[in-house]
Amino acid sequence: MLKDSDIREGLFSYLEDSYNKIRIFEEKNIGESRADVLMVMDSLVYGIEIKSDADSYTRLESQIKDYDKYCDKNILVVGSTHGQHAAEHIPEYWGIITVEETENGLDFYKLREEKANPKLLLKNQLELLWRPEIAHIQEINNLYKYSGKSKSFVREYILKNLEEDILKKAITDELFERDYTKIAEVINNYRTEHNQKKRRKRKYKKKKKGFIS
């Protein structure tokens with residue numbers, strides 16, 4: 001019986017082979033859920049939920065709502081025991097990838113192609129960024145800084161002043177450049193420059209995947 005941990009590494013290799021330049025983030029909070037995988041491409045954010053043979057569909061309905069708020073496209077990855085009935089539990093625009101254990105290792109198969117998510121809200125996708133990343137978007141697009149305003153105010157300002165295609169490209173560019181080893185330094189430098197108190201040191205999990213060409 002395949003478990004989540006058995007699937008991940010093989011899945012990442014499959015995604016690297018199947019798509020162009022990508023970056024992968026694991027266990028990312030989106031709304032009230034935690035996305036198993038966010039896969040970033042040029043101007044696209046994919047949500048990937050893994051349901052291994054050991055998992056159930058109990059929380060999937062609420063997870064789908066959150067994935068749909070943040071991601072351009074979504075994929076459900078399922079073990080062989082879920083393969084036949086996976087489509088019954090997700091919207092028709094979600095893709096399906098099945099995984100099966102064979103003598104030669106894991107076999108991944110695209111059972112259904114993913115389509116554009118009609119429920120995406122770009123303002124939610126902008127929430128995936130840190131404040132310094134948002135500030136960089138303002139800078140390179142010659143927008144007013146509004147450094148003393150709240151993040152929600154600045155996000156609304158950006159949404160009103162940048163065309164959607166430019167903003168989507170900017171969001172994914174920032175995610176591609178994100179360096180988790182420097183998160184505290186980046187945020188504290190930003191806060192120092194804007195006369196804000198530094199945050200206390202926090203521990204961040206190092207992400208397994210970086211840039212993939």
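Q138 is buried, with a relative accessible area of 2%. Here buried means under 20% relative accessible area, exposed means over 50%, and partly exposed lies in between (1.4 Å probe, protein chains only). The model is predicted, so local features need pLDDT of at least 70 and side-chain atom pairs pLDDT 80 or more, while totals for chains, interfaces and linings use all residues. Residues are numbered from 1 along each chain as its sequence is written, and side-chain values use heavy atoms, without hydrogens or water.

Where does Q138 sit? Its place is helix α4. Helices (H or I, at least four residues) and strands (E, at least two) are DSSP runs, numbered from the N terminus. Leaving out residues up to four places away in sequence, Q138 touches L143, Y144, K145, Y146, V154 and I158. Touching, or contact, means heavy atoms within 4.5 Å.

Now take α4 against helix α5. Their axes come within 11 Å and cross at roughly 30°. That angle makes α4 roughly parallel to α5. The axes are lines fitted to C-alpha atoms, for helices over the stretch in contact, and angles run from 0 to 180 degrees between N-to-C directions. Angles under 35 degrees count as roughly parallel, over 145 as roughly antiparallel, 65 to 115 as roughly perpendicular, and the rest as oblique. α4 passes α5 in a left-handed crossing. A crossing is left-handed if the near helix is turned anticlockwise from the far one by less than a right angle, and right-handed if clockwise.

Which residues meet? On the α4 side they are R131, I134 and Q138. On the α5 side they are K151, V154, R155 and I158. By class, this contact of α4 with α5 has three nonpolar, one polar and three charged residues. Ala, Val, Leu, Ile, Met, Phe, Trp, Tyr, Cys and Pro count as nonpolar; Asp, Glu, Lys and Arg as charged; the others, Gly among them, as polar.

Helix α6 is another partner of α4. α4 covers residues 131-140, and α6 covers residues 164-177. Their axes come within 10 Å and cross at roughly 135°. That makes α4 oblique to α6. The crossing of α4 and α6 is right-handed. E133, H136 and I137 of α4 make this contact with A170, I171 and E174 of α6. Its residues divide into three nonpolar, one polar and two charged.

Look at both sides of α4 along the chain. W130 is in the loop between α3 and α4. W130 counts as buried, at 14% relative accessibility. W130 and L175 are 45 residues apart along the chain, yet their C-alpha atoms are separated by 9.5 Å. N142 is in the loop between α4 and α5. Is N142 buried or exposed? N142 is exposed, with a relative accessible area of 73%. Its phi is near 55°, a positive value in a residue other than glycine. Most residues other than glycine have a negative phi.

Next comes the core. In soluble globular proteins, nonpolar side chains tend to be buried together. A nonpolar core here is a set of buried Ala, Val, Leu, Ile, Met, Phe, Trp, Tyr and Cys residues joined through side-chain atoms within 4.5 Å. The largest one has 37 residues, and L38, L76 and I158 have the most contacts inside it. At least two residues each come from β1 (22-30), β2 (33-41), α2 (60-70), β4 (73-79), α3 (122-126), α4, α5 (151-161) and α6. The largest share, five residues, is supplied by α6. A second, separate core of 20 residues includes Y19, V37, I48 and I50. Note I158 again: this residue of α5 also meets α4.

Finally, step back to the whole chain. There are seven helices and seven strands. From the N terminus on, the elements run α-β-β-β-α-β-β-β-α-α-α-α-α-β. Buried residues make up 47% of the 213 residues. Among contacts with a separation of 6 or more, 60% join residues 24 or more positions apart.
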